[in-house]
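Work through the exercises below with the model open. Try each task before reading its solution.

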Amino acid sequence: MSDKEGRGVSFSSGVKDELSRLRPASACCMAAQAYGLAECGHAFSLSAVSLQTENPAVADAYRGFLSAVCRLPEDAWQDDARPSGVRILSLPAERFRRRVLERFGHAAGEVSLRLNRANLECEDCPAAYLRGAFLACGTVTNPSTDYHLEFSLPHHLLSRDLLTLMQELGFRARLVHRKGSQVIYLKESEQIEDALTLMGATGASLELMNVKMVKDIRNAANRIANCENANIDKTVTASLAQIEAIRQIERLQGLDGLPEELRELARLRLENPDMSLRELGEQLSEPLSRSGVNHRLRRILEFAQGLSGKRRPPEEGGTLP
């Protein structure tokens, strides 16, 4: 399987580098990881046992684990490097392919590939198998762009078995068919963190958590900024309406016509169009609370509306408008 995944190459490759360095302490988990690498590789049958990868660490892990668990000699392997950077590791001899199949309890003539649970002997073996499977056919997107981890397999029944195993491990994984492959994927950041931790990529899991934390802080800051901008817009709109009302009163009757408690506030608003209600209240000769200022400004607006409904007296020699 190719490790390419667009902008997430470096992160996914880093995860595989980290996982490739892990060596299970128990023999059964060593075998379970080798089984995941072999079964979820490019081919796993009597006609071909092989892996295709661009990651040197994955290639070394595949060769090392299978050689150790299945007792394969150094000269059993064929290692082909393509100009594209893809390495193909394979077992040309049928006797070595048969040895691998038999070691993991698979028959030579199997029609449909399934997960052989006999290879998962202890409670830690499922995680080891999952680690091997991810190395062979998994990818994870750079969390700075998206949250997505997947396993891509060409075998329908095996993909169903892997999906069941992941669900038993507590993951809300889903399965889709994409371009001839069965793709098991996780989309929730917490689930991906848990999967990376379970497989042993604790460094990558911490990096994902850090990226997510920065994202959350940035999103919260944007929400606050948007809220503040909306409040500023409301304040400006309200201030303009108040000033227009005060000017209307000044034009039609003069501010001296306002009750004394409104007159000072009206003049203060005209002189300070950008002041908040709290700041206006603090500048009054007798300080007033925000709600008190708001109440008086509403009275000024109502006063202006009342004036606008009246007709001005005609000037001498003039006519009514």
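**Exercise 1. Placing a glycine**

In which helix is the place of Gly-36?

Solution. Gly-36 sits in helix H2, residues 27-39. Helices here are DSSP runs of H or I with at least four residues, strands are runs of E with at least two, and both are numbered from the N terminus. Next, take accessibility. Gly-36 has a relative accessible area of 0%, so it is buried. The scale is: buried under 20% relative accessible area, exposed over 50%, partly exposed in between, with a 1.4 Å probe and protein chains only. Last, take a distance. The C-alpha atoms of Gly-36 and Asp-146 are 26 Å apart, and the two residues are separated by 110 positions along the chain.

Two notes on the source apply throughout. This is a predicted model, in which local features need pLDDT of at least 70 and side-chain atom pairs count only at pLDDT 80 or more, while totals for chains, interfaces and linings use all residues. Residues are numbered from 1 along each chain as its sequence is written, and side-chain values use heavy atoms, with hydrogens and water left out.

**Exercise 2. Salt bridges across the sequence**

Find how many salt bridges the rule gives, then trace three of them.

Solution. Start with the rule: a side-chain nitrogen of Lys or Arg within 4 Å of a carboxyl oxygen of Asp or Glu. The count is eleven.

Step 1. Asp-161 and Arg-114 form a salt bridge at 2.7 Å, N to O. Asp-161 belongs to helix H6 (residues 156-168) and Arg-114 to the loop between helix H4 (94-103) and helix H5 (125-137), so the bridge ties together parts 47 residues apart in sequence. Asp-161 is buried at 13% relative accessible area. Arg-114 is partly exposed at 40%.

Step 2. Glu-168 and Arg-117 form a salt bridge at 2.8 Å, N to O. Glu-168 is in helix H6 and Arg-117 in the loop between H4 and H5, so parts 51 residues apart in sequence are tied together. Arg-117 is partly exposed, with 38% relative accessibility.

Step 3. Arg-172 and Glu-188 form a salt bridge, with their closest N and O atoms 2.5 Å apart. Arg-172 lies in the loop between H6 and strand E7 (174-178), and Glu-188 in the loop between strand E8 (181-186) and helix H7 (189-199), so the pair ties together parts 16 residues apart in sequence. Arg-172 counts as exposed at 52% relative accessibility. Glu-188 counts as partly exposed at 33%.

Step 4. Look for a network. Salt bridges link Arg-63, Glu-74, Asp-79 and Arg-87.

**Exercise 3. Ring geometry**

How many aromatic pairs does the structure hold?

Solution. Five. Rings of Phe, Tyr and Trp (its six-membered ring) pair if their centres lie within 6.5 Å; planes under 30 degrees apart are stacked, over 60 edge-to-face, and the rest tilted.

Step 1. Tyr-35 and Phe-44 make an edge-to-face pair, 6.5 Å centre to centre with 65° between the planes. Both Tyr-35 and Phe-44 are buried.

Step 2. Tyr-62 and Trp-77 have ring centres 5.7 Å apart and planes at 65°, so this pair is edge-to-face. Tyr-62 is in helix H3 (residues 56-70), Trp-77 is in the loop between H3 and strand E3 (78-81), and they are 15 residues apart. Tyr-62 and Trp-77 are both buried.

Step 3. Collect the cluster. Tyr-35, Phe-44, Phe-104 and Tyr-129 belong to one aromatic cluster.

**Exercise 4. Positive phi**

Examine the backbone at Arg-71 and Lys-179, which are not glycines but have positive phi.

Solution. Arg-71 has a phi of about 55°. Its place is the loop between H3 and E3. Arg-71 is exposed, with 64% relative accessible area. For Lys-179, phi is about 50°. Lys-179 lies in the loop between E7 and E8. Its relative accessibility is 82%, so Lys-179 counts as exposed.
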